[in-house]
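Here is a protein model to read with a few plain questions. Look at it, then follow the answers.

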Amino acid sequence: MITKMFSATLRGIDAVEVEVEVNARGADKPQVIIVGLPDAAVRESSQRVTSAIGASALFLDDGVKTVNLAPADLKKEGPSFDLPIALAMIAASRTKPFNADDCCVVGELGLDGAVRPVKGVLSIALEAKRRGRTRLLVPEANAPEAAVIDGIEVYPIRSLRDAWEFLEDNIVIPPFKLDRRAFFNSQKSYDLDFEEVKGQHHVKRALEVAAAGGHNLLMIGPPGTGKSMLAKRIPTIMPGMTEHEAIETTRIHSIAGTLDPMKSFLTIRPFRSPHHTISDAGLLGGGTNPGPGEVSLAHHGLLFLDELPEFRRQTLEVLRQPLEDGDVTISRAAGSLTFPARFMLVAAMNPCPCGFYGDAKRECRCSSRQIENYRQRISGPLLDRIDLHVEVPLVDFKDLSSSEAGGENSATIRERVTQARLIQAERFRKDHNTTNAAMNPRQMKIHCKTNAEANAYLEHAMQEMNFSARAHDRILKVARTLSDLAGSPDIRPNDILEAIQYRSLDRKLFN
């Protein structure tokens, strides 16, 4: 007898439906044969499945069970096929007709029949809905994640026996209900706040501008000036994610296996801070089965690179393409996968190897050659892609010892940033981008017009400071954001002047 179940496998951040077919035929010796391009984890499922069926006191006749995972030319990976294979094998051992064409089933089995959580359930739920499946059977721990998707009933499964009895209509398992709006709002909480940062008011202003326009930012300053502390608080002033952004971001983290099991859904913007020893594949993504890297895990959020010159130069250079395009394409012999990577880059660095170049109180021990070599670890093309360069000096003792708060709290700043983002959303409502930082040349020509006075300031800066053409465009984009924060429909001369001040590395730091 041949039976079938529907499941899904992951390819990039998407899921592809897989038909699990089982053919049972008599033989002297029981055997399970799995075909359809399975990897080692899928081939090993035969041992887990037979043990789980026996432990669940479910009937499985002797003989050969041939399991086919279609389409046969698509590689199947991971343990998520355990549950559908087990259910199809049990059904094939019976003479009673079995039909579960309206179901999609995923889950890993323990030897005792318990169903364990798997990766990528959100993408699987989207694929099942697209294929017209009305019921989705998932491990109980994955149910809140899958239930975010409307239009499909999600059933939490604890054990193999529960799944079989449910499909046989012997027990009732209520579908998992999720109040999406209440759940979405309840997850929006921050443990950090900008008012905890003493001093550094001009740096906070630059961070507000960066968050408002989605601009990349580099902080330069001696050790202990609060660069990392400031960076960790940037997500608290960024606008909240829309449901579409939250679902897209959660899909990436679900596939990577980095979701918090207590939340199972991302509603605040991700903050990723990889160590400077990270490899190219760790940053961009890759591996035998290509998975998302740090740039994709920071999608719709923030990627923080502390001690920027300590990263390998080649590793930094691979950032140039995702910074421009907003995605990463990984090519392998079997094909290419594209992962979204639209993030805000925030980096921090010391001004020199010892960290005190330009400090008014502590003497720098580095030679000019050492400083130059240190700076050359970061290429000019990468620096050109960073819109704001901000110097972060030591904090004054009076500010540190003050018992008063460090200034405005994150909620107040976030209101201004959100208002500026709404202006940009209206401006680009007919385009794909949503922020000033992502403007293309055509959009800049329309939205970044300057009057004679502002244009004169910009021309003078270009001639005196030898800005590149890309730096020219970055200045205009930042000026456009400054005018949005001020509620001005036009770019003002002061906006140009302030935007020029955010090009520290071009102006003087290493000259």
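**Reading the model**

The accessible surface of the protein comes to about 22800 Å² (Shrake-Rupley method, 1.4 Å probe). Carbon and sulfur atoms hold 49% of that surface. This is a predicted model: local features need pLDDT of at least 70, side-chain atom pairs count only at pLDDT 80 or more, and totals for chains, interfaces and linings use all residues. Residues are numbered from 1 along each chain as its sequence is written, and side-chain values use heavy atoms, with hydrogens and water left out.

Q: What makes a residue of the protein count as buried, and what percentage of the 511 residues is buried?
A: Buried means under 20% relative accessible area, with a 1.4 Å probe and protein chains only. Of the 511 residues, 53% are buried.

Q: How do you know that strands β2 and β4 pair?
A: Two strands pair if DSSP finds at least two bridges between them. Strand β2 (residues 14-25) and strand β4 (residues 64-70) have seven bridges, so they pair, in the antiparallel sense. Val-20 stands opposite Leu-69 in β4.

Q: Why is β3 also called a partner of β4?
A: Five bridges join strand β3 (residues 31-35) to β4, and at least two are needed, so the strands pair. These two run parallel. Val-35 has Asn-68 in β4 as its bridge partner.

Q: What makes a pair of residues a contact, and what percentage of the contacts with a separation of 6 or more joins residues 24 or more positions apart?
A: Contact means heavy atoms within 4.5 Å. Among contacts with a separation of 6 or more, 74% are between residues 24 or more positions apart.

Note on methods
Buried < 20%, exposed > 50% of the residue type's maximum accessible area, 1.4 Å probe, protein only. Helix = DSSP H or I, 4+ residues; strand = E, 2+ residues; numbered from the N terminus.
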